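Biologist: I would like to learn how to read this structure feature by feature. Where shall we begin?

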Number of protein chains: 2
Amino acid sequence: MRRRHTTSRVASPTLSQTHLMLLRPLLSSASRAAPLLAAAKPRSPQPLAADTAAAFRQLAGMAAALAPPSTAAGSREAFRVAVTNTLERRLFYIPSFKIYGGVAGLYDYGPPGCAVKANVLAFWRQHFVLEEGMLEVDCPCVTPEVVLKASGHVDKFTDLMVKDEKTGSCYRADHLLKDFCKDKLEKDNTLSPEKAAELNHILAILDDLSAEQLGAKIKEYGIVAPDTKNPLSDPYPFNLMFQTSIGPSGLSAGYMRPETAQGIFVNFKDLYYYNGNKLPFAAAQIGQAFRNEISPRQGLLRVREFTLAEIEHFVDPEDKSHPKFGDVSDLEFLMFPREQQLTGQSATKLKIGQAVSEGTVNNETLGYFIGRVYLFLTQLGIDKDRLRFRQHLPNEMAHYAADCWDAEIECSFGWIECVGIADRSAYDLRAHSDKSSVPLEAHEKFAEPREVEKLVITPSKKELGLAFKGNQKMVLEALEAMNETEALDMKAALESKGEVEFKVCTLGKDVTINKNMVTINIEKKKEHQRKFTPSVIEPSFGIGRIIYCLFEHCFYQRSGKAEDEQLNVFGFPPLVAPIKCTVFPLVKIEKFEVVAKKISKALTAAGISHIIDMTGTTIGKRYARTDEIGVPLAITVDNTTSVTMRDRDSKDQIRVEVDEVASVVKEVTDGQSTWADIMWRYPAHTASAVDDEETVET
Amino acid sequence: MRRRHTTSRVASPTLSQTHLMLLRPLLSSASRAAPLLAAAKPRSPQPLAADTAAAFRQLAGMAAALAPPSTAAGSREAFRVAVTNTLERRLFYIPSFKIYGGVAGLYDYGPPGCAVKANVLAFWRQHFVLEEGMLEVDCPCVTPEVVLKASGHVDKFTDLMVKDEKTGSCYRADHLLKDFCKDKLEKDNTLSPEKAAELNHILAILDDLSAEQLGAKIKEYGIVAPDTKNPLSDPYPFNLMFQTSIGPSGLSAGYMRPETAQGIFVNFKDLYYYNGNKLPFAAAQIGQAFRNEISPRQGLLRVREFTLAEIEHFVDPEDKSHPKFGDVSDLEFLMFPREQQLTGQSATKLKIGQAVSEGTVNNETLGYFIGRVYLFLTQLGIDKDRLRFRQHLPNEMAHYAADCWDAEIECSFGWIECVGIADRSAYDLRAHSDKSSVPLEAHEKFAEPREVEKLVITPSKKELGLAFKGNQKMVLEALEAMNETEALDMKAALESKGEVEFKVCTLGKDVTINKNMVTINIEKKKEHQRKFTPSVIEPSFGIGRIIYCLFEHCFYQRSGKAEDEQLNVFGFPPLVAPIKCTVFPLVKIEKFEVVAKKISKALTAAGISHIIDMTGTTIGKRYARTDEIGVPLAITVDNTTSVTMRDRDSKDQIRVEVDEVASVVKEVTDGQSTWADIMWRYPAHTASAVDDEETVET
């Protein structure tokens, strides 16, 4: 989605709408929220490892007082408060530099959040880099101006800003207009149907308004600074990159990269060589990106520094088939093609194979990545009923882009773009090739040489020298630089009239060319290879947004034993759970503590993150604590030879021999088995002492 | 090592030497190179997994034409050229933004480099975060000024710079003086013994020279700009942080963090709470750090953006014992205590247990981390003969620091500081506590209440009101703010004279206090807990430097079959190898390719990074290619039921059943078994077809 505005205030006043779209699409806001989805639960064509856990979460969620977000704004708000309270209290995240009052749009991941992030990134590497044999690179955040000039960010990566004319406070112009319209529509009962329609229209076209149009509307509606009621300046573009200076001279401008992709594009030549000069191949990068938002909103969803994971899959523009497309073609999930959006329909379930064969999705490679992204997100624990792939509307898409789809996840803020999957054609490589004068091309060797028609312009140096003397070189170069149309026109004129007037820009005048001075022919040539600029298909993942949506999708509450008590649970799949297992001695006696330590040692050796809780508070309270940070398995040491293992979501308990504990935990957390699998292999545990988990003492 | 200068040009002209040392020690240059080490191979007290591979590397290295760096500068230079050529050609790293001419001090990791880095970081997480139960956090790089003001970086994180007075080119003042001295000493045969001694003295004290002293020497020796021979400006401090601005107003200064530690300190309160209000605990962070070097040198060792991994272990200053110290106390390795350095001796092997018990290392916790760092580095593949722990000299250490040791690794640039391990006492927490007014303290609950003597100052409001009316509050506050000495002096004066003159700063004058106005007593009180600011022990890892040294330590060459042919090998331990295994069909026939694909699938499922090479070039050439990127195991498919598995370093080959390949590779690369272990379990392979690996066709 293109959300960064360029306006006629930018240096070049002749920028057309087409130019406005040159900028790369970027992870953007959820402002273009679509109608809320109420689809039936889809049947997955491939059983996923996360399914069982998801089913448990769903069952548990049904019994809970607080259901996942529904269409009612109030309950969504309450749900969000419950989630974010738990997240903040358990240090999943912390407002950065809190002791100094914090900085808007900057957050730390605390210990459990940091572990979830590390798990998400490790799975991303496994699922994309390793399984697809991608070339991962790691480039600096500090980027010299020339790179971001070529990419268009220096000139066009802007938001329109207005300033409080008295205090200098800054606001996003579109936010103020949006808030005004929404507020009027919600609260003003005197609104005429015409006025309401007008305001709704503005909300619909908000992203397309120019600085002038936005300014005019702000004036027309008398919108003032929300905090002070002071008048506002005209809107003007504010570049969202953090600027800095590289080296000690202060003369070399640099920026903190707004995305990781450019680091891959500038390395195309080396990476192509590394891949044996063969296409297709994909490069990938995980790293920090920076955007100096004017006024960050929406908590963890709109921040000033965040982790991106980006893939640039380079492919022959004439062959965008994918050898492994068959592996995903039967996957069925919610898709929201352009036509459905424009005709007011909702997203529907579609097989990705069908979407590609019918032309809804432009090509197999794009379709393959859509399928792989679907698998990635759902295996992490994203609810497939609240995940859809939305195609960009024509006005959202850059003119050069072949097709773009966003993976949108529904959370309490609405549908949030979390992954953008775009076929960006050859735009980025061409931009850097032009600016750097380094060709960024691929070549295809033909099995058999091919006959092609080629324009051949052969100036006669002798004749040109006689006619133009010192100007000979300039004329010669101008002749050689003619494009096909110009050359064929000249050929025709020379054949009919024998001579022709020819403008030589470097001389600043016309000269007369006669037919002895140049030979122009279309010749048939044998070519052994073709050179071309590869197309790039770019899946770009906003890791922080995915993690936030995961938090919401995994969160549920269930009743405790005390009246009105609600216990919080993060039902993370073992894959992403920050801690895989807890170990509790049932009571504080030495022989149990010895066993607990022995188990802890075995878990460490197996590389399993776990906590050991010797505090001796009630088991119920200890379960509640670890449920709240989403620990899937809890071991209670209530015996010296075997222990109780409890599943977080079902609360089922089994008995496992002490020596087997680590391997069973590893089996479940590595995803080789589910809880359902192992439950049948071990005796159930039903002793009441360990059962009273809802008795939470305070 | 303190390498950032503060000079009297900085705002406060009264900064003393003590103030100069307030700044946190930071990973620094190898300028303080010590005499080269020629120690015997140490016997490791604990057999390490990496030992066997290291032994192979050493054996192979002996046969190589190019030995590991010796004391001869020329051969070190040649060795470095061979390593860096291989690193650049195989894209371990790439100068960033190369197509635009690059930026000094910025490098990308290409695919194999990126994989090595990911492996090093994953092992760091396993070895420190997981095994020690540390609290990992992830904070932003963008940091508001107030945080770095508190830490001292805004005022003191500087290098002294001189400018070419005509072109404005910038140089590090100490570099120019150092180069001048070295050059003179090396090339000027007419140098008098006195002059030589003077220049050597300057080299020795270079880090301690003030701006004035540096400037005076530059003038005295007539040092000019190296490129233009123009005169130079006086030296002045240049702050090495990349500056930026947070938010749209341009009024809120920010910097890209120069280290990750501050993010942990500002979160101390929350992390302490998360840990159940218990000490000791450690927090850890991995992330990018930024330093705008004046003129980066030494390739990958001195860069403008790099990855740090830092640990802050918070501990009661009165109890720095460590429960797991016994696990490392028998480790024996090269240590270079202060005394040895000052008396011109070399580093010697010492057991860390002994070093702590004799007081050479300040405390157990510091000693424990030194031991853990030793294990970390040697398990990665750092040669233990080229690793030493060097204690900071008194002039390198901040005045508040209890003790500091650097893990230094010897490479072709000399001894390089790669890990700093410092007991920083309570300095950092106090600095942020003072600046933010948020107490960053811990408390210890006493098992039994303790009787303590406490100063109690009780002003009489009534008397003060009568005497001072409107000024009452100021006098009262000044009385309450007295320290113990002041209060006891006043008490004595009041008892002997009945009244005393007392300066009230807020009033700017003295007032007379009589004995009715205040009661001062030392009272015995029962205390149930004590409050204190924890000490912090900080191991700080320069990941890029460790990786570069690892590259050098793992690199060797061996003769190929062709005359003079030298084959490059990176003998990485499986743990860090970028690719664990290659799969080659011996010849290009379908049945072998089918088996190769089957093995590839099994390796992917097991999460093992590998490459499959179907190009059909000679096996020898394919081996040479993968040896050069350090792939430990190669599978040659020469049969449909069993295959040849070849070890990179020994070149030994065994035969393994197709179905067992993935599990055998996993066993070796996970570190459960070494090649030596599995060699005895499988039949050796001796067929000549696969044996001709030195026949590299070009």
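Predicted model: local features only at pLDDT ≥ 70, side-chain atom pairs only at ≥ 80, totals over all residues.

Biologist: Which element gives the largest share of the side of chain B that touches chain A?

Modeller: Helix H4 of chain B, residues 111-130, gives eight residues. By class, that side of chain B divides into 41 nonpolar, 17 polar and 13 charged residues.

Biologist: How do I read the size of an interface?

Modeller: The size is often given as the accessible area lost when the parts come together. Here chain B and chain A bury about 5900 Å² between them. Carbon and sulfur atoms give 67% of that area.

Biologist: Which residues of chain B lose the most area to chain A?

Modeller: They are B:Ile99, B:Tyr100 and B:Pro248. Together they account for 13% of what that side buries.

Biologist: How many residues are in contact on each side?

Modeller: 71 residues of chain B touch 71 residues of chain A.

Biologist: Now the charged pairs. What is the general idea?

Modeller: Side chains of opposite charge can pair when their charged atoms come close. Over all chains, the structure holds 80 salt bridges. The count between chain B and chain A is four.

Biologist: Which residue forms a salt bridge with B:Asp138?

Modeller: A:Lys117 does, and the closest N and O atoms are 2.4 Å apart. B:Asp138 lies in the loop between strands S3 (135-137) and S4 (142-144) of chain B, while A:Lys117 sits in helix H4 (residues 111-130) of chain A, so the pair joins two chains.

Biologist: And what does A:Asp138 pair with?

Modeller: A:Asp138 forms a salt bridge with B:Lys117. The closest N and O atoms there are 2.4 Å apart.

Biologist: On to sheets. How should I think about side chains along a strand?

Modeller: In a regular strand the side chains alternate between the two faces of the sheet. Strand order and pairing come next. In chain A, three strands form an open sheet in the order S4-S9-S8, with antiparallel pairing.

Biologist: Why do S4 and S8 of chain A each have one side without a neighbour in the sheet?

Modeller: Strand S4 (142-144) and strand S8 (243-245) of chain A stand at the edges with a single partner strand each, so one side of each has no neighbour in the sheet. From one strand to the next, the twist averages 40 degrees.

Biologist: How many bridges join S4(A) to S9(A)?

Modeller: Three, and S9 covers residues 253-256 of chain A. A:Pro144 has A:Gly254 as its bridge partner in S9(A). A:Thr143 stands opposite A:Tyr255. On the S8 side, S8(A) and S9(A) also pair antiparallel, over three bridges. There A:Gln243 stands opposite A:Tyr255.

Biologist: What is the strand order of the open sheet in chain B?

Modeller: The order is S6-S5-S7, with antiparallel pairing. Strands S6 (170-172) and S7 (236-239) are the edge strands, each pairing on one side only. The twist averages 55 degrees from one strand to the next.

Biologist: How many bridges join S5 to S7 in chain B?

Modeller: Four bridges join strand S5 (residues 158-163) to S7(B). In this pairing B:Leu160 stands opposite B:Pro237.

Biologist: Which helix lies across S5 and S6 of chain B?

Modeller: Helix H7 of chain B, residues 173-187. The helix runs at about 65 degrees to S6(B).

Notes. Residues numbered from 1 in each chain as written. Chains lettered and ligands numbered in written order. Heavy atoms only, no water. Contact = heavy atoms within 4.5 Å. Buried area = accessible area lost by both parts, 1.4 Å probe. Salt bridge = Lys/Arg side-chain N within 4 Å of Asp/Glu carboxyl O. Nonpolar A, V, L, I, M, F, W, Y, C, P; charged D, E, K, R; others polar. Pairing = 2+ DSSP bridges. Axes fitted to C-alpha atoms, helices over the stretch in contact; angles between N-to-C directions.
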